[in-house]
Amino acid sequence: MSPRRHFAIFTTASLPWMTGTAINPLFRAAYLAKDGNKDVTLVIPWLCLKDQELVYPNKTVFHSPLEQEGYVRRWIEERIGFRPSFSIKFYPAKFSKEMRSILPVGDITECIPDEEADIAVLEEPEHLNWYHHGRRWKNKFWRTIRLSGATQDLPRSITCNVHGVNPKFLEVGKQKFSQLQNGEKAFTKGAYYIGKMVWSKGYRELLDLLSKYQSKLADLEVDLYGSGEDSDEVHESAQRLSLSVNVHAGRDHADPLFHEYKVFINPSTTDVVCTTTAEALAMGKIVICANHPSNEFFRQFPNCRMYNNDDEFVQLTQSALSEQPAPLTDTQRYQLSWEAATERFIEAADINPHAPESKIHRTSRISMPAFLRTRKMKQNLEDASVYLHQALSGLEVTRFAFGAVPKTLQPDEELCKDLGLAPPTKRSKLKFKLMS
């Protein structure tokens with residue numbers, strides 16, 4: 001890479017919403033900026049007060065972007081051993097109750113001035129692009145980094161887990177290892193799972209497994225921690241099945257309460273890379289998870305036990321309850337850190353833009369004219385698709401028909417006022433003038 005690059009990290013969530021797309025990009029920004037050789041901007045959503053009340057826990061709200069930025073910076077500085085030097089910018093957004101997601105409003109590429117536009121990192125790109133109406137992201141970056149094999153396969157893409165864990169989790173792991181070495185009892189509790197409490201996060205699969213094998217897992221008691229739209233249903237289902245399951249409200253995974261658990265059970269197969277699985281491994285726990293592409297990165301750790309079927313789940317769970325976790329080596333511990341994740345990210349992004357094409361020229365049996373015709377045809381199809389998306393996403397009626405939050409083509413007066421943007425009418429006139 002050139003001596004100085006600018007990284008703009010766009011994500012779909014922000015603290016105090018304790019979700020992976022709020023936490024991981026924040027750590028990524030901090031560690032990318034750590035050496036001082038890169039300019040880094042974290043671009044996060046700003047919600048109006050009404051939406052904040054729907055999303056943020058414990059009735060936490062902010063009356064200005066500056067107030068929320070202060071909260072975000074205090075949170076990250078309490079968890080790392082240095083003061084990060086990255087910028088924070090907010091884009092206008094609204095919360096969709098139906099999709100349970102924060103969606104951008106307007107063209108959020110405008111958050112980064114053209115003279116600073118260099119490398120864009122899109123966290124949860126499908127949410128950022130469902131109703132995107134503005135400049136093409138592809139004009140700002142050319143390489144796609146897949147976080148795991150669970151994501152869509154794209155041209156010129158590589159698979160690389162570029163996530164790390166909060167350093168505090170690694171410190172817990174070291175303490176537990178020290179306790180085991182001294183012959184002390186490091187873990188006083190059995191099994192647990194933590195995650196957003198919606199059925200798609202593996203809760204249904206877990207309850208089904210526990211119900212089906214109640215007799216074989218008679219000694220197993222599982223504590224579930226999470227908050228979400230399906231919390232009441234999960235609690236009712238557990239009670240109805242008379243399972244040894246305790247359902248609790250969501251907590252920060254770094255809470256000392258979780259230090260005492262020995263086994264983390266995660267049956268979810270909907271995550272790209274499960275942050276809580278990485279955190280549990282860092283704390284020295286045994287992890288029971290499905291043999292799934294989203295978990296491939298964790299296969300290298302001896303405490304990660306993957307099951308292919310129900311019988312293996314039962315067997316692995318029984319063994320985990322009777323065994324002690326294997327201590328992490330220094331190399332394994334480093335692999336879970338944000339320092340290693342940042343190195344993997346830089347290595348994956350530092351690609352010669354001409355390499356893929358020259359490789360095709362050397363290895364392809366297609367003649368050059370045929371190759372060029374094929375590439376041009378694909379480019380034409382892509383351009384047509386982009387044109388259609390741009391046309392449809394620019395009309396409120398079609399946006400609404402496809403599920404967009406009403407009036408999200410441009411920021412409304414409240415969002416413009418909060419973010420210091422030009423009023424909607426002036427913004428529309430300015431955009432029309434620039435395009436004409």
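The legends below describe close-up views of a predicted model. Residues are numbered from 1 along each chain as its sequence is written, and side-chain values use heavy atoms, with hydrogens and water left out. Local features need pLDDT of at least 70 and side-chain atom pairs count only at pLDDT 80 or more, while totals for chains, interfaces and linings use all residues.

**View 1. Packing of helix H1 on helix H3.** Helix H1 (residues 20–32) and helix H3 (residues 65–77) pack at about 75°, and their axes are 11 Å apart. Helices (H or I, at least four residues) and strands (E, at least two) are DSSP runs, numbered from the N terminus. Axes are lines fitted to C-alpha atoms, for helices over the stretch in contact, and angles run from 0 to 180 degrees between N-to-C directions. H1 and H3 are therefore roughly perpendicular (65 to 115 degrees; under 35 is roughly parallel, over 145 roughly antiparallel and the rest oblique). From H1, Ile23, Leu26, Phe27 and Ala30 meet Val72, Trp75 and Ile76 of H3, where contact means heavy atoms within 4.5 Å. The residues of this contact comprise seven nonpolar, no polar and no charged. Here Ala, Val, Leu, Ile, Met, Phe, Trp, Tyr, Cys and Pro count as nonpolar, Asp, Glu, Lys and Arg as charged, and the others, Gly among them, as polar.

View 2. Buried means under 20% relative accessible area, exposed over 50% and partly exposed in between (1.4 Å probe, protein chains only). Not counting residues up to four places away in sequence, Thr21 touches Thr11, Thr12, Ala13 and Glu124. With neighbours within four places in sequence left aside, Tyr71 is in contact with Leu15, Pro16 and Phe62. Tyr71 and Pro16 are 55 residues apart along the chain, and their C-alpha atoms are separated by 8.1 Å.

**View 3. The five-stranded open sheet.** The strand order is E4-E3-E2-E1-E5, with mixed pairing; two strands pair if DSSP finds at least two bridges between them. Strand E4 (101–104) and strand E5 (119–122) are the edges, each with a single partner strand, so one side of each has no neighbour in the sheet. From one strand to the next the twist averages 35°. Strand E1 (residues 5–10) runs parallel to E5, joined by four bridges, and Phe7 has Ile119 in E5 as its bridge partner. H3 packs on the sheet, touching strand E2 (38–46) and strand E3 (87–96), and its direction makes about 110° with that of E3.

**View 4. Buried residues of helix H6.** In H6 (residues 203–212), the residues Tyr203, Leu206, Leu207, Leu209 and Leu210 are buried. Seen down the axis of H6, its buried residues fall within an arc of 160°, so they line one face of the helix. The arc is that of the directions from the helix axis to the C-beta atoms.

**View 5. Strand E12 and its pairing with E11 and E13.** Five of the five residues of E12 (residues 286–290) are buried, so this strand is largely enclosed by the rest of the structure. Ile286, Ile288 and Ala290 point one way from E12, and Val287 and Cys289 the other way. E12 pairs in the parallel sense with strand E11 (residues 261–266) over four bridges, with Asn266 opposite Cys289. Four bridges also join E12 to strand E13 (residues 304–307), and these two run parallel. Cys304 in E13 is the bridge partner of Val287.
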